[in-house]
Amino acid sequence: MLRHAIAPTRRYTKASHDVVRHPCLNSDAKVLLLYVQGLSEADASARSLGEHAARLGIKGRAYQRAKQLLSDYGYLHAWRWQGERGRWITEQLLANVTLTREEAGRVRAGGEPPSLPPSTQVPTVGGPGVREAGGSYPEEQQEKNLPHPPPEEPEPDADGELAQAERVLLSLRHVDRGLLLGVREARALAGAAAEWLRRGVSAGDLRRALTTGLPVGGVRSAVGFVRHRLVQKLPDRAGSAAASDPVGVVRADLVTCEGPGDEHVFRPVGVETRCGRCRVQGARAGASGARDGRRAKSPSWRDRLANAGP
């Protein structure tokens, strides 16, 4: 296909590829999210999410479906409480990044978001330094000789457990941005995480054990926190009771889907490792292959008629 695109200079909304190319959000959910993100603070807070959706022509079941998808994948959070006069009040938070319940609570309370984008970072205090002509800084000379960064995908090992453990550690950032690990850091912790897998703990249970019950104030050091949990909560070889969710948790945390396509997260109901859409697509592909196999084995009516004889 051909493409012609001109970058707008005014009246535009920055959209993340994680939202635009999300494999599980439908078009109504994406349009609603981008529409609200393009509003000013006054216009966004003046109406509820349902009223914004009505202005876009998204009503009834279509709106309920879009709202459910945004909530399931961590973009929409809601709080409901009863006021002084007995009336129920609902407060909604719509974000353009996936937020856990704790992160959404901090944003609601007026705290800082999990991480600031590069365009909003506070500039360094002080003026620019003076550089002598013809000279070069030692940092620049060393930077030219630095090796290329390691690949994002882990290298496969003999038994596959180290690679699987490293993938789990790298996926923690999708559950909580405070657990962002670099490739080298995840590779250094992969040995301790692989021991969990050797003791019968699944990848999903390992991910939940590392992301459930995070500190209210956030994780200061992702490497130190993950290393401490890997050592202190290591289950015995008889089972994985230490990896189960604590008492009182109602909604499961977001986990990375193991299905095909771009990497995305979902909220599991049980112990499933793929989102609902990936499971449906897999079931349809299996049913289609079974039908094709039956058609190939069964003879046509002409063959049956020819074999019937006079």
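1. Leaving aside neighbours within four places in sequence, Ala 203 is in contact with Gln 164, Val 168, Leu 197 and Glu 258, where contact means heavy atoms within 4.5 Å. Ala 203 is found in helix 10; helices (H or I, at least four residues) and strands (E, at least two) are DSSP runs, numbered from the N terminus. Ala 203 counts as buried because its relative accessibility is 8%. The classes are as follows: buried is under 20% relative accessible area, exposed over 50%, and partly exposed in between (1.4 Å probe, protein chains only). Ala 203 and Arg 167 are 36 residues apart in sequence, and their C-alpha atoms are 9.1 Å apart in space.

2. On the basis of these values: this is a predicted model, in which local features need pLDDT of at least 70 and side-chain atom pairs count only at pLDDT 80 or more, while totals for chains, interfaces and linings use all residues. Residues are numbered from 1 along each chain as its sequence is written, and side-chain values use heavy atoms, with hydrogens and water left out.

3. As to the overall make-up, the secondary structure of the protein comes to 13 helices and four strands. Buried residues make up 28% of the 310 residues. Among contacts between residues at least 6 apart in sequence, 56% join residues at least 24 apart.

4. Helix 10 is mostly covered, with eight of its nine residues buried. These are Ala 203, Gly 204, Leu 206, Arg 207, Arg 208, Ala 209, Leu 210 and Thr 211. The cover over the buried residues of helix 10 includes helix 8, helix 9, helix 11 and strand 3 (255-256). After helix 10 comes Gly 213, which has a positive phi near 65 degrees.

5. Helix 11 (residues 222-232) has as its buried residues Ala 222, Val 223, Phe 225, Val 226, Arg 229 and Leu 230. They pack against helix 8 (161-170), helix 9 (183-198) and helix 10 (203-211). An α-helix has 3.6 residues a turn, so residues three or four places apart point the same way.

6. Which residues of the largest nonpolar core touch the most other members? Of its 25 residues, they are Leu 169, Leu 181, Leu 206, Val 226 and Leu 230. At least two residues of this core come from each of helix 8, helix 9, helix 10 and helix 11, and helix 9 gives the most, with six. A nonpolar core is here a set of buried Ala, Val, Leu, Ile, Met, Phe, Trp, Tyr and Cys residues joined through side-chain atoms within 4.5 Å. Not counting residues up to four places away in sequence, Val 226 touches Leu 169, Leu 172, Leu 179, Leu 181, Leu 189 and Leu 210. Apart from this core lies another, of 23 residues, among them Cys 24, Ala 53, Leu 76 and Cys 275.

7. On the cysteines, a search of the whole structure finds zero disulfides, a disulfide being a pair of cysteine sulfur atoms within 2.5 Å. Cys 275 counts as buried, at 0% relative accessibility, and Cys 278 counts as buried at 7%.

8. Gly 178 lies in the loop between helix 8 and helix 9 and counts as partly exposed because its relative accessibility is 28%. Not counting residues up to four places away in sequence, Gly 178 touches Glu 103, Val 219 and Ala 222. Gly 178 and Ala 222 are 44 residues apart in sequence and 6.4 Å apart in space, C-alpha to C-alpha.

9. Arg 11 has a positive phi of about 55 degrees although it is not a glycine. Most residues other than glycine have a negative phi. At 76% relative accessibility, Arg 11 counts as exposed.
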